[in-house]
Amino acid sequence: MMKRIELEEVQQTLNTFLHKDIYIHLETTNGAYASHFNESINVGVFIRNANVFCTQGKIVKDKAHYRVGLKTKNGWIYAEGLTHWEIYEDKQLLMAGHDTEGRLLVALQLSETPFK
Amino acid sequence: MNKEKHVVVIYPHPDDESFGAAGTITQFRKQGVPVTYLCGTLGEMGRNMGNPIIANRETVPEIRKKELINACKLLDIDLHLLGYRDKTLEFEDVTEVALHIKSLLEKLQPSLVITHYPDHAVHPDHNALGRAAIEAVRLMDENLRPTVWAQAITNTAYEDLGKPDIVYDVEPYFDQKMAAIQAHKTQASGILSGFKRKDKSNESLREIALERLGKEAFYIWDFKS
Ligand SMILES: [Zn+2]
């Protein structure tokens, strides 16, 4: 079950994914109906099972939301607006940001094995 | 209206059948017409996680599959999953998807197919699967082709396409429609509250739904032009 982020716990879990090959799922979306209901445009991106090697990983609090930055061998991975987390099936670190209606806005997930 | 032999509904997401056609489906089932839903994906990338949040990105497919099975039970229809992935349908090969659907239609032999109207169905998956479904029927032997009802859901559908050929006022079946929508527990409230208008903040979800979803309209696809 996704629960509110606890900075210390998430940081400790992040540390276990450093210095090894891992898979990430990174996503952000404002929904496929954003431009249907108002004037905005649909914005979304996802990458699933990108294989990366992280040397540093840090979670930072900003008011009610959190940011996570992962330093990889050749670059960076970044997510903003995270509110919830969960260790899924004992091994995958799921982090996500939701709006007040429970709609997912952003997700960053780490796993040592590919996501299904 | 002639009595249909078998109706096949082809939409990409668990919940499209309930939001889009639950009233029409209920009417066919009342007439004893078998209805089969070919559901394209499991809505794996859906962003409604329930309110309060009960799903996550990894559990969404299983949860939505269960919700879909419940909705299909309520609607009393058969379900067949096509096995594609949410948000990716438009990047699949259209002919491949069409041949997949065609093989199923040849087995089911429907007299009527209901799907989305390509380019007029808002979500890229709706447009892509509608296109593939229509292509599937076009590839069938002309004598075996079912009628196709295409559903347009853009805000400008009437201006763009003219008046739909079939408009069902589904208010008599609206309790069944609401029950089917609410079987999609993680989706229903998030989507229905998206319909809410600022000037009418005390409307109930049922009122909002009746206003937005009380009519189900379709265009009969013309394979000749
Ligand atoms: Zn849909």
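How much area is buried between chain B and chain A, and what share of that area do carbon and sulfur atoms give? The buried area is about 2400 Å², with 55% coming from carbon and sulfur atoms; buried area here is the accessible area (1.4 Å probe) that two parts lose on being put together, summed over both. The structure is a predicted model, in which local features need pLDDT of at least 70 and side-chain atom pairs count only at pLDDT 80 or more, while totals for chains, interfaces and linings use all residues. Residues are numbered from 1 along each chain as its sequence is written, chains are lettered from A and ligands numbered from 1 in the order in which they are written, and side-chain values use heavy atoms, with hydrogens and water left out.

The interface involves 27 residues of chain B and 28 residues of chain A, where contact means heavy atoms within 4.5 Å. On the side of chain B, the residues B:Arg47, B:Ile53 and B:Glu58 supply 31% of the area that this chain buries against chain A, more than any other three residues. Two salt bridges are found across the interface, a salt bridge being a side-chain nitrogen of Lys or Arg within 4 Å of a carboxyl oxygen of Asp or Glu. B:Glu58 takes part in a salt bridge with A:Arg48, at 3.0 Å from N to O.

Within chain A, strand β3 (residues 44–62) pairs with strand β2 (residues 21–29) through nine bridges, and the two run antiparallel. Strands (E, at least two residues) and helices (H or I, at least four) are DSSP runs numbered from the N terminus, and two strands pair if DSSP finds at least two bridges between them. A:Phe53 in β3(A) stands opposite A:Asp21. Eight bridges also join β3(A) to strand β4 (residues 65–72) of chain A, again antiparallel. These two strands, β3(A) and β4(A), form a hairpin with two residues between them, and A:Lys63 in the turn has a positive phi of about 55 degrees. The ring of A:Phe53 also has the charged end of A:Lys73 over it, 4.6 Å from its centre; a charge sits over a ring if NZ of Lys or CZ of Arg is within 6 Å of the ring centre and within 35 degrees of the ring normal.

Attention now turns to aromatic residues. Over all chains there are six aromatic pairs; rings of Phe, Tyr and Trp (its six-membered ring) pair if their centres lie within 6.5 Å, and planes under 30 degrees apart count as stacked, over 60 as edge-to-face and the rest as tilted. The rings of B:Phe28 and B:Trp149 are tilted because their planes stand at 40 degrees, with centres 6.0 Å apart. B:Phe28 belongs to helix α1 (residues 16–30) of chain B and B:Trp149 to strand β5 (residues 147–151) of chain B, so the pair ties together parts that are 121 residues apart in sequence. B:Phe28, B:Trp149, B:Tyr168 and B:Phe218 form one aromatic cluster.

Most residues other than glycine have a negative phi, and most peptide bonds are trans. B:Asn51 and B:Pro52 are joined by a cis peptide bond, with omega about 5 degrees. B:Asp76, although not a glycine, has a positive phi of about 60 degrees.
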